Amino acid sequence: MADVLQLTVVPPPLPKSWSPQPPPAKSLSPLVDRKLIAAGPAYLAHVRRAVHNLSFEEHDKHVEEERKRLQELNGDGVGEDDLGVGEEEESPELSLLDPKEWKKQDHYAVLGLSRLRYRATPAQIKVAHRKKVLKHHPDKKAGVAGDSNDDAFFKCIQKAMDVLTNPEKRRQFDSVDPHYESLEEDVPTATEISKAKDPNRAFFEQFSPVFEREARFSRVQPVPLLGEYSDTKAQVEGFYDFWYNFDSWRSFEYLDKEVNEGSDNRDDKRYTEKKNKTERARRKKEDTARLRGIVDLALSVDPRIKRIKQEEKEARDAKKKGKSSSGPSKAELEEQKKRAEEEAKQKEEADKLAKADAKKAKAAAANAAKKARRAARDQEAPAS
Amino acid sequence: MAINGTFPNGSANAPVEASSQPTVVGINFGNSYASIAEGLAESIANEDGERQIACAISFHGEETYIGNQAKAQLVKNASNTIVGFRNLLGKKFSELPKDKSTTSAPIIQHPDVPDEPAYKVQVLQASPSPLPPSALTTKTNTPAVSQTATPRSEPAPVDRILTPSEVATIFLKSLLQSAEDFLGKKVEGAVITVPGWFDEKQLAAVRQVAENAGINVLQLLEDAGASAVTTTAGPLADGLNPDRTQLVVDLGASSLSLTLLSIRHGLFHILASSYDSNIGGDQIDDKLIKFFAKEFTKKTKTPLTVCPSTDKADVRAEARLRLALEHTKRTISASPGAATCSVESLKDGLDFTGTINRMRFDMEARSVYSAVYAKAQELLASADLDFLHVDEIVYVGGSASLPGLDETLAQGVQESTVTPFTAGTVIGGGIGDPTTLLARGAALQAKLLAQIGHSGEDEEVRKAFEQGSTWVRAKATTRSIGILFPEESSDAELGGQWIGVIPRETAVPARRNIAFDVDLGEDGGPHRVGFEVWEVKEGVKVEKVKPPKDEDEEPLDEDEEEEEIEVKEKTIEKEGYLASVVVETKNAKKQKGRWRTRLEVQFLLGADGSVEVSAWEVGTAVSGEKASVSVPPL
């Protein structure tokens, strides 16, 4: 667009007596020849207009198109390729972080990668770290009003970089990523699904993100995801098979209590270590149980299972029908039923008889036992 | 290539990276100092951390020093140190002034090439390495043949003849190397600044030198252009109009060049320029050296005659002082306090430390400042302009960083004139930092050129930046054009309120849009806005006014004649009526009892000299109807 120069002058109102004069036949004073200096964006625009014979408006349009094209080409339009890291707004809480409490900070948020999280590649982490350092290095803050010694956030950045560039440390942090912790609580319940307007859709909508989230812990990649309603039996079975045998790399070292390295007391150290170990094992067990619970729940409300069972039954029925082409008639069915009833009655009677017999036998046995005991006492008495 | 086809360790070739944006730099190649800048107009420091790299090469034994290290060699090794070689590029030996005395390596006639200047320096040439023992021994390896290698013989002193272009090639190569080391990427192109007064031959020589040094020259940009690019690149400083007249004061170490530029919305052309190789920072140096030498003599009772110095000890002392002064001048420019100049063992083993405050400094340099002022006045007169018409002053070159120069020039110009000192952009690599301004301008230009595509259409555009392109020819207006709001009882000469829109010396075609509030009076009802388009002539009125008398003060001297003060004023004179425009307003709003509306006026100046003026009301949601008139082409 054309630059509009905003002026502050306020011209006075038009006098009543004024009327526009007819323009004279005169035009501008003669122009003079000048030699422009071939430099600067304005000269480029000037030449473009002249070369392509464009008017100002056409050129404006052209420039706008070019700008859009470049913007698309460069992503954020920030010149150098930043691998899609982009700029993230820094929330005010970030600047209040205490580097001593680094275990509690969200390392991805510190580096401005909260959009990417565990998906961030090492290259992206490097780019993001560089960006942050350029912005927050204490040298840059020197002379800025306020506490120029305040390099707390910079330390946080370094700590975050430390954790995220070490694969082992990063795995441990990813295991307990605080961003997902709150999400993990949010697992749909069976009633939520069944009471939903469209339970079928609700199931996929609610469970897909859960499985996607959990999939990141799998040692085996790629992970079969929930899929859709029309999946085949093999696919569904494969899915549950995989998730029941889920091989997770999740571990909980990150939450360990600090072992007091300075302490001379090795018993103390061992005690803490042991406690940490059991705690880790407990958490791991809990996590496995949690995942199993989710899979159980999904299986129990999975509309596909219902559908498959239904289909199988129908298939079976259809098969049966195919065997006895006409199928059993009504009379036959009734007869069958009657027969079954009679059988049941007979069985009942037989049961009754058997019970009575058993009672009698028991009583007889008891009497026999009594007699035997009495006889034994009688024999003993004369002897004493 | 080394054995088995691999590169030897530490191959210095920077890797070429396939990036969407090619790495380009801007090089300011001055006669005394050079600087490099990159991409976002950041100045690059060389390996020694200097952004101002002295154009000097010194040969000492087998070593070659380049840049500021070479300058230090002027003390002990002056005859093997080469400075000021840029201005010799493309010159014949017979064209050079012979009478100039020099402290560095003398210029001689090239022994082989006729009429070619050259430098003769003495270097130590490494003797050829002896043949390895294996070449001497036979297969039988007789005991008579020694197995130890023959020791290398001592390097032999030889005379080396270097032409200015060879020297410049070595220097530019080192600049390029510094830039590549700093950026970590291969530099794919560069814009090099050249003085405006270089002729075709000199330009061709510079281009040739750069190509020999392995630089892909995108453009040779004249200094004034580079400074204009830098000053028009950033956001506009307060009180500056995108249409302005700029005076570029380039006070380098060895010369002064003044350029008057007409900057019209980023498009610029030279109104007038002058060049003087007799005024420069070296003159300031001379004065200061004399000042300090006198002080030294006073303090130590050791005679020291400098500028010119004849005695060998004096010559050396002068060179020492000259080097130390660099620091003193920087301190003076940076802080208002006193600056010291200290030299160890200046003469006869005596150390010297002297201080100079800014006032004393300015007193010493006054003659140079005045010369610059006079030159500027001369230049403006030649362009038929006055200091009042200068809207902005830009300083280029190390010596122009001195605040005293700005103070001297400020006496002439209007208070509203923007200089880098008033804008506060001189220090710390700001926009107006005179030492890096040119390199940054060149870097911006390089970036611009690198962004032009390579498609068929753009090829023509690219050519427009080449030397001698016809696209630089343009026509410019000779009168200012603006709009006049008639007023009933106006005491202004023009009979109303004047708003200048297109100043004179604007290259056509041009477009200007302005927006402003218009007062519509107190009564309601339908309003209309009308204005006339006029061509005007700008001039300067000089009046002699008696200074206002201070009545309380008794005149100290009764005989003292009251001097008249010249008061200058800009004037506007109506020259030709062009058209009238009337706009009916609908969106007027009442503010404090008066109706107001906002009007936008667009001027389209065609290449043929036609003018189209349109005006419309700027509404809150939709813009009002356009009213336009046009003036026929010439």
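Guide: The expected span of a helix is 1.5 Å times one less than its number of residues. Helices (H or I, at least four residues) and strands (E, at least two) are DSSP runs, numbered from the N terminus. In this predicted model, local features need pLDDT of at least 70, side-chain atom pairs count only at pLDDT 80 or more, and totals for chains, interfaces and linings use all residues. Residues are numbered from 1 along each chain as its sequence is written, chains are lettered from A and ligands numbered from 1 in the order in which they are written, and side-chain values use heavy atoms, with hydrogens and water left out.

Visitor: How many residues does helix α7 of chain A have, and what distance does it reach from its first C-alpha to its last?

Guide: Helix α7 of chain A (residues 152–165) has 14 residues and reaches 20 Å, close to the 20 Å expected.

Visitor: Which residues of α7(A) are buried, and what covers them?

Guide: Buried means under 20% relative accessible area, exposed over 50%, and partly exposed in between (1.4 Å probe, protein chains only). The buried residues of α7(A) include A:F153, A:F154, A:I157, A:M161 and A:L164. Among the elements covering the buried residues are α5 (122–136) and α8 (167–175) of chain A, where contact means heavy atoms within 4.5 Å. In the loop between α7 and α8 lies A:N166, which is partly exposed at 29% relative accessibility.

Visitor: Where is B:V249 placed, and what is it in contact with beyond its sequence neighbours?

Guide: B:V249 belongs to strand β13 (residues 243–251) of chain B and is buried, with a relative accessible area of 0%. Leaving aside neighbours within four places in sequence, its contacts include B:L258, B:V372, B:Y395 and B:L409. The C-alpha atoms of B:V249 and B:Y395 are separated by 4.9 Å, although the two residues are 146 residues apart along the chain.

Visitor: How is the interface between chain A and chain B to be described?

Guide: Buried area is the accessible area (1.4 Å probe) that two parts lose on being put together, summed over both. Chain A and chain B bury about 6,200 Å² between them, 63% of it on carbon and sulfur atoms. Of the area that chain A buries against chain B, A:L28, A:R34 and A:I37 supply 12%, more than any other three residues. In terms of contacts, 53 residues of chain A meet 84 residues of chain B.

Visitor: How many salt bridges are counted between the two chains?

Guide: A salt bridge is a side-chain nitrogen of Lys or Arg within 4 Å of a carboxyl oxygen of Asp or Glu. The count between chain A and chain B is three. One of the salt bridges in the structure pairs B:E505 with A:R34, the closest N and O atoms being 2.5 Å apart. This pair crosses between chains, from the loop between β21 (496–502) and β22 (507–508) of chain B to strand β2 of chain A. B:E505 is buried at 11% relative accessibility, whereas A:R34 is partly exposed at 23%.

Visitor: Why are A:R201 and A:E205 separated by about one helical turn?

Guide: An α-helix has 3.6 residues a turn, so residues three or four places apart point the same way. A:R201 and A:E205 are separated by about one helical turn because they are four residues apart in helix α11 (residues 199–215) of chain A. They form a salt bridge at 3.1 Å between the closest N and O atoms, and both are exposed.
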